[in-house]
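I opened this notebook to go through one model feature by feature, and I kept each entry to what I looked up.

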Amino acid sequence: MLQIKDILWGFLYIACAVAIQVQVTPTHREISVGESKFFLCEVVGDAKDIDWFAPNGEKILPNNPNIQVSRNDETTSTLTIYHADVDHAGIYKCVAKNGDKEAQATVQVKIFQKITFKNVPSPQEFNEGDDADIVCDVVGSPVPFIIWKHKGARIQPNKDVRYNIMENGHLLIRGIKKIDEGAYNCEARVMETGEINFKMINVIVNVLPTIRARQSEVNGTADMGGSILLACDADGYPEPIVTWAHNNVILESGDKYSLTEDGSELVIKDVIKVDEGDYTCIARNKAGEMSQEVSLNVFVQAKITYLNNQTATEFDDEVTLTCEASGDPTPSISWSFQNRMFSEGEQSHDGNIVVRSHARVSSLHLKNVDFTYAGEYLCTASNSIGQDNQPVYLEVRYAPKILGVVAVYTWEGNPANISCGVEAHPGASVTWFRDGLQVPSVNTSNVKIYSTQSSSSLEVSPESQSDFGSYNCTATNEMGTESKEFILIQAEVPSSPEIQRLEPFSSSAVLEFDEPVSFGGVPIIKYRLQWRSDGQDWTGRDYDATEDLTEFTIGGLTPDTNYEVKMSAINGKGEGESSAVVKFKTGPIREPSTPKLEALVQNQGNALKVNWMMQDDGGSPINHYLVRYKAKHVSDWKPEIRMPRSSEYVVLSGLDWNTEYEIRIVAVNQKGKSEPGILSFRTATEPTTMPGASGSGLSTGAIVGILIVVFFVLLLAVDVTCYFLNKCGVLMCIAINFCGKAGPGAKSKDIEEGKAAFTKDESKEPIVEVRTEEEPTQNQEGVGPTEPNETTPLTEPDGKTKDDIKTEDNNTAAEVKTVPNEAPQTNGNESKA
């Protein structure tokens, strides 16, 4: 019994005998890039040829290396794809032929490729302002699409026109900026497979350098051994490299130039004029380069380059001194001679001195040359940078010229020098003549010659009237001879001076005089002043003559007495006649004249030393001085201070700071008080710190602590001493005062009259402490009158000078100090201290 299968095969066989059938297994396949796959083509029927065709329609030949075709047997053929590539994708066709019979079958091959980044460089650098094409080449099958992200946010070109994602997937940024720098994410996606991959690209934006010179123009001075700094500052990214160029030559550090590490500062050493010009500061980085010009102006201090000494003969028509100088700016040139300045143009009314200047040359023309033109001329070249001075010497050859005083006075026995000053060039020889005969001769011993380079002196010691008369000085050099007569004249005694005014006082008189009309040919060396009272011998004294001596003060006179006075002048020859006698009468005893006061602020600033000077004691000796003072802003005077007669100053201490004071000092004699000498002054401002405190290193607290310790140590020492001396220490005395008990050895408080120097006062006025030796008891009528201060020492009636007389007064000046918060001194009229 026939099976159905057999029946079907039978029909198939019959059909095949009629046509060819082809089948490819499998009919479609997906292949990853790089994989290898094969496909089987089965033919039903009698097929003579079995061929494979590529997707492009071309027949696949056996020699194709990547796609191979092999005939297995009469009915099958195999297509093998090695290392598949995306280009291998497509529909492959298997065709079987037998004569005019043909059949075919196909297989669809799909090639899938994973996302692959083929060209994604990082970092990618661009210049600021450029259109940046950020490269990200991605391959895949199916073709992926690209998403760009920056700083975590997706770039959307439709919202920012600066961005554009191009067809090749690159990101284009128009006019990229420094703020666009950073990491960019290139992300590839395949929708069909859901595959995703990305690459991070670091984008760097280089910024073209900017450069600025700190000074576009720099000035320097040449030939001073100094240096000049040229500097420029550059910015950019990456950090630019700075170089310098001068005259198209790149400068490098060395003996002439010094560059800082970053090149921003260029130091030019030992600047000279050729260093002047433009220097280029160049900044370079990956983005390019920029440059800036810095101009260096090199100024040259004026310097004299040519100066030549000249020689001329007196009475020549002209001599020219030439001075050349260099410098930048062009220097001006001037001349000077013996403190006289010469500039451009004529320098004298007679036109004998003319200065002409051109550019850097100046000429000093001297016409009608005179011997006085000889000497050192100073050429000065100056500009705004500095100046140069150099001397040039003009030598003038001239015949001797004799100078000197023609008349010389002397007297017999007194040597006199007749000086013959000679100016000559070359130097001259000098000869002396008397009555045509050369002196000194062998027969003369009273004439001597003393010579120097510029003068000759004839010393004559007159022995008789015949030695007076004319002496001839003759000087000779190669240029000529000059003679001059000198006269030696017998000197005379001076004429009498004239007393012009005499002003008497009680015990002195002031005399003013005119000097003699004739000095007798020689200087007055002394004046002799003589005076006497009625019936008494003349008393006198000689005074050295000085240029400003015009008056004398006669002291030690008796009040209310008639006197007469005369005076004479004395020169080397002798004493001249006396002046006419002038009579006067001294005044009666009266009050002293007003003391003249002078103040000197002491170092501490709130103390004052007041000096006084008496002009006239009124004919009676000064008993004492009374000193009063007060601050001007108050009405009450400080307690009056009594100073001894010998006092010449008082020191006021402990005054208020920055306060104006008024002082009044009165002189007192037996007749009464003088008018007060008045003085005003202001004390200094109180200093904020103790003197020397700045460098002591001790704080105020430390100083106070030291003072407290010292105080207690002193207190303890005094207490012990008092105990051994008086059987009562200081501490016990304090206890007695507070507890009312008497201690052992206590003494009464009797104070002897005349010994109390101070009284206790509850007021807060400063204490005035008077320190002086005890004044001697003075008999007002028994001592001689006190002399007024004079410009010259006076002669006493007994012929002794004032310097020879010792006063009974103690010459020790009193010193008065004010001490705050203590009792003031009692009035001098109330105390015998």
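**Entry 1, disulfides.** I note at the outset that this is a predicted model. I looked up the disulfides and found that the structure holds five of them. When I numbered the bonded cysteines in sequence order, the pairing came out as 1-2, 3-4, 5-6, 7-8, 9-10.

I began with Cys 41 and Cys 94, whose sulfur atoms sit 1.8 Å apart in a disulfide, and I read -90 degrees about the S-S bond, which makes this link left-handed. Because Cys 41 belongs to strand β3 (residues 37-44) and Cys 94 to strand β7 (residues 90-98), the pair ties together parts that are 53 residues apart in sequence. I then checked the accessibility of both ends: Cys 41 is buried at a relative accessible area of 0%, and Cys 94 is buried with a value of 0%.

I went on to Cys 232 and Cys 281, a disulfide with 1.7 Å between the sulfur atoms. Here Cys 232 lies in strand β19 (residues 228-237) and Cys 281 in strand β24 (residues 277-285), so the link ties together parts that are 49 residues apart in sequence. Cys 232 has a relative accessible area of 0% and is therefore buried, while Cys 281, at 0% relative accessibility, also counts as buried.

For Cys 323 and Cys 379 I found a disulfide with the sulfur atoms 2.0 Å apart, left-handed with -80 degrees about the S-S bond. This pair links distant parts of the chain, with Cys 323 in strand β27 (residues 318-328) and Cys 379 in strand β33 (residues 375-382), 56 residues apart. Both Cys 323 and Cys 379 are buried.

**Entry 2, the partners of β34.** Which strands pair with β34, and in what sense? I found that strand β26 (residues 310-313) pairs with strand β34 (residues 387-403) in the parallel sense over four bridges, and that Thr 313 stands opposite Arg 397 of β34. Strand β33, by contrast, runs antiparallel to β34 and is joined to it by eight bridges, with Glu 376 having Tyr 393 in β34 as its bridge partner. I also noted that β33 and β34 form a hairpin with four residues between them. Strand β36 (residues 416-425) is antiparallel to β34 as well, joined to it by four bridges, and there I found His 425 in β36 as the bridge partner of Tyr 398.

I counted 25 salt bridges in the structure and followed some of them. Asp 51 and Lys 59 meet through their side chains at 3.4 Å, N to O, and Lys 59 is partly exposed with a relative accessible area of 45%.

What distance separates the closest N and O atoms of Glu 478 and Arg 397? I read 2.1 Å for this salt bridge. The pair links distant parts of the chain, 81 residues apart, with Glu 478 in the loop between β41 (469-477) and β42 (480-490) and Arg 397 in strand β34. Glu 478 is exposed at a relative accessible area of 60%, whereas Arg 397 counts as partly exposed at 24% relative accessibility.

I also looked up Arg 189 and Glu 187, whose side chains meet in a salt bridge of 2.8 Å, N to O. Arg 189 is partly exposed, with a relative accessible area of 32%, but Glu 187 counts as buried at 6% relative accessibility. Salt bridges that share partners join Lys 149, Glu 187 and Arg 189 into one network.

My last entry concerns a nonpolar patch on the surface, formed by Val 704, Ile 708, Phe 711 and Phe 712, with about 400 Å² of accessible area together. I placed Val 704 in helix α2 (residues 700-726) and noted that Val 704 is partly exposed, with a relative accessible area of 42%.

Definitions and conventions: Residues numbered from 1 in each chain as written. Predicted model: local features only at pLDDT ≥ 70, side-chain atom pairs only at ≥ 80, totals over all residues. Heavy atoms only, no water. Disulfide = S-S within 2.5 Å. Buried < 20%, exposed > 50% of the residue type's maximum accessible area, 1.4 Å probe, protein only. Patch = residues over 30% accessible without salt bridge, like charges linked within 9 Å, V, L, I, M, F, W, Y side chains within 5 Å. Areas by Shrake-Rupley, 256 points an atom, 1.4 Å probe, with all protein chains shown as cover. Salt bridge = Lys/Arg side-chain N within 4 Å of Asp/Glu carboxyl O. Pairing = 2+ DSSP bridges.
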